[in-house]
Amino acid sequence: MTLDLTESSPDTGTTTALRGHTVPTGLYIDGAWIARERRLEVTDPSDGAVLTSVSDGGVDDAVAALDAAARAQAAWGRLNPRSRAELLRRAHALMLERRDAFVDLMVLESGKPRAEAVGEFGLSAGFLLWAGEQVAHVHGAFGAGSSDGYRVVTTHQPVGPSLLITPWNFPLLMGARKMSAALAAGCTVVVKSADLTPLTIALLVATLADAGIPAGVVNLIHTSESPAVSAALMTDRRLKKVSFTGSTRTGSVLLRQAADNIMSTSLELGGNGPFIVLDDADVDHAVEQAIACKFRNAGQACVAANRIIVDAKVAEEFTRKFVAAAKELRVGNGFEDIEVGPIISRAQRDRAAGLVATALEEGATLLTGGHAIDGPGNFFEPTVLTHTDRASRLAVEEIFAPIAVIYTAESIADAIEFANDTDYGLAAYLFTKDLSRAVGIAERLDSGMVGVNRGIMADPVAPFGGVKASGLGREGGDTGIDEFLEQKYIALTIDESELP
């Protein structure tokens with residue numbers, strides 16, 4: 001079914017109309033949108049209103065989706081890379097035509113400011129284009145063996161049917177990054193949406209289908225039974241790959257399940273990002289970048305600045321300017337002229353309030369904010385605290401809220417030690433004017449990514465991922481497609497006895 005994104009339509013069980021856009025609400029299995037009587041409500045976190053509902057699939061639906069993916073795998077995997085690249089290019093072109101629909105849906109179901117949704121859209125579309133460009137240049141090799149009589153041939157094959165599990169905080173980006181690499185590599189997929197933000201990913205699946213991706217290659221499940229659905233798929237030997245973005249706790253469960261079938265696994269998990277400001281940094285620039293890095297998406301990002309570590313020599317200046325900037329941030333509905341939207345749910349908002357209360361009990365100093373905002377919606381004030389306890393809950397846990405915590409470091413060694421004193425290792429940030437310092441310190445930070453004098457790093461051409469409890473594997477960059485490929489070695493006998 002090709003969706004008309006300009007016409008409104010009544011809720012048919014598989015589509016509904018939101019802000020003038022036709023939005024898929026069914027499950028997508030083997031090329032068909034399917035309605036289920038059981039429904040999963042989707043709410044607007046800015047006011048708590050129910051936007052619509054989507055079909056709530058169960059284990060049987062998930063297995064049917066894997067059935068379809070397994071049937072389609074051979075043909076899709078054999079399709080030449082250039083043809084797969086062309087389909088991704090068509091999907092990219094369709095995405096650009098549907099920009100407003102994608103942006104509006106992200107604002108509606110996740111609450112993020114529209115400007116941020118526009119940025120997420122552009123980055124997401126870029127991943128489809130990048131993966132298509134890359135897969136046409138995944139080459140094998142041919143060379144002599146270590147002895148006479150044969151040649152070494154290496155090639156690549158798709159891993160096979162893959163389960164892609166996406167989170168709610170970047171509902172388009174996470175799906176686009178995973179699907180583009182998997183499809184480019186020749187893998188069929190079962191996508192499990194986040195139950196809080198299923199609409200945006202559904203529109204992406206519809207766009208891929210409308211671009212000509214064959215039936216069975218992409219399948220979509222919404223479910224309120226995530227543990228049961230995931231377990232059923234993870235124990236099925238037809239599933240060859242799982243790619244998950246979410247909490248470290250859930251990632252650990254999936255990793256244990258994957259072990260039984262020795263399944264290829266990519267995990268992008270939690271973070272506890274250090275944001276280090278040295279004494280020679282451009283303080284104004286560091287403040288600007290720290291505001292963006294901390295308060296983007298209301299702090300709900302795994303790469304957010306979780307611990308702002310400032311050299312004692314510039315701590316007073318940085319803190320004063322950072323607090324002033326935080327006070328200027330406007331909070332509200334994402335369609336308004338604001339910088340900070342709501343937290344995704346009331347439970348998450350209550351957790352944020354609990355984090356602040358605990359920090360104050362531990363001796364932290366509140367400089368601004370610190371409270372939930374009265375009225376409808378899940379709004380929380382942009383908050384800044386200073387803290388000296390490096391073993392506190394705020395220093396150890398991923399905050400995932402618009403709460404910034406500033407710590408002071410007495411030296412470079414002290415800053416590095418505190419930065420690395422965590423189980424996580426996803427993103428770190430470093431601000432200094434000294435290139436030697438920048439390179440030397442970046443190499444010493446236990447992190448998969450380091451931003452030097454910048455607080456935003458995501459880019460289709462760059463490998464995204466972490467170390468330690470922050471995950472396994474990389475998404476994007478030159479090696480993102482490799483996560484969905486197996487290298488094959490062919491030892492080719494060469495009979496040279498009759499040759500001159």
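User: Is L445 buried or exposed, and where is its place?

Analyst: In this predicted model, L445 is buried, because its relative accessible area is 6% and buried means under 20%. The place of L445 is in the loop between α14 (435–444) and β20 (449–452). Leaving out residues up to four places away in sequence, L445 touches I276, A419, N420, A428 and V450. One of these, A428, is 17 residues apart from L445 in sequence, while the two C-alpha atoms are 7.5 Å apart in space.

Turning to helix packing, the axes of α9 (residues 283–295) and α10 (residues 315–328) come within 9 Å and cross at roughly 50 degrees, and the two helices are therefore oblique to each other. Their crossing is right-handed. On the α9 side the contact is made by V283, D284, A286, V287, A290, I291 and F295, and on the α10 side by E317, F318, K321, F322, A325 and A326; these residues divide into ten nonpolar, no polar and three charged.

As for the nonpolar cores, the largest has 58 residues, of which M95, M179, L183, L204, L208, V218 and L220 touch the most other members, and helix α6 (residues 198–210) gives the most to this core, with eight residues. M179, leaving aside its neighbours within four places in sequence, is in contact with L164, V191, I201, L204, V205, L208 and V218. A second, separate core of 40 residues includes A286, V287, A301 and V384, and among these A286 and V287 also belong to the α9 side of the helix contact.

How values were computed:
Residues are numbered from 1 along each chain as its sequence is written. This is a predicted model: local features need pLDDT of at least 70, side-chain atom pairs count only at pLDDT 80 or more; totals for chains, interfaces and linings use all residues. Side-chain values use heavy atoms; hydrogens and water are left out. Axes are lines fitted to C-alpha atoms, for helices over the stretch in contact, and angles run from 0 to 180 degrees between N-to-C directions. Helices (H or I, at least four residues) and strands (E, at least two) are DSSP runs, numbered from the N terminus. Angles under 35 degrees count as roughly parallel, over 145 as roughly antiparallel, 65 to 115 as roughly perpendicular and the rest as oblique. A crossing is left-handed if the near helix is turned anticlockwise from the far one by less than a right angle, and right-handed if clockwise. Contact means heavy atoms within 4.5 Å. Ala, Val, Leu, Ile, Met, Phe, Trp, Tyr, Cys and Pro count as nonpolar, Asp, Glu, Lys and Arg as charged, and the others, Gly among them, as polar. Buried means under 20% relative accessible area, exposed over 50%, partly exposed in between (1.4 Å probe, protein chains only). A nonpolar core is a set of buried Ala, Val, Leu, Ile, Met, Phe, Trp, Tyr and Cys residues joined through side-chain atoms within 4.5 Å.
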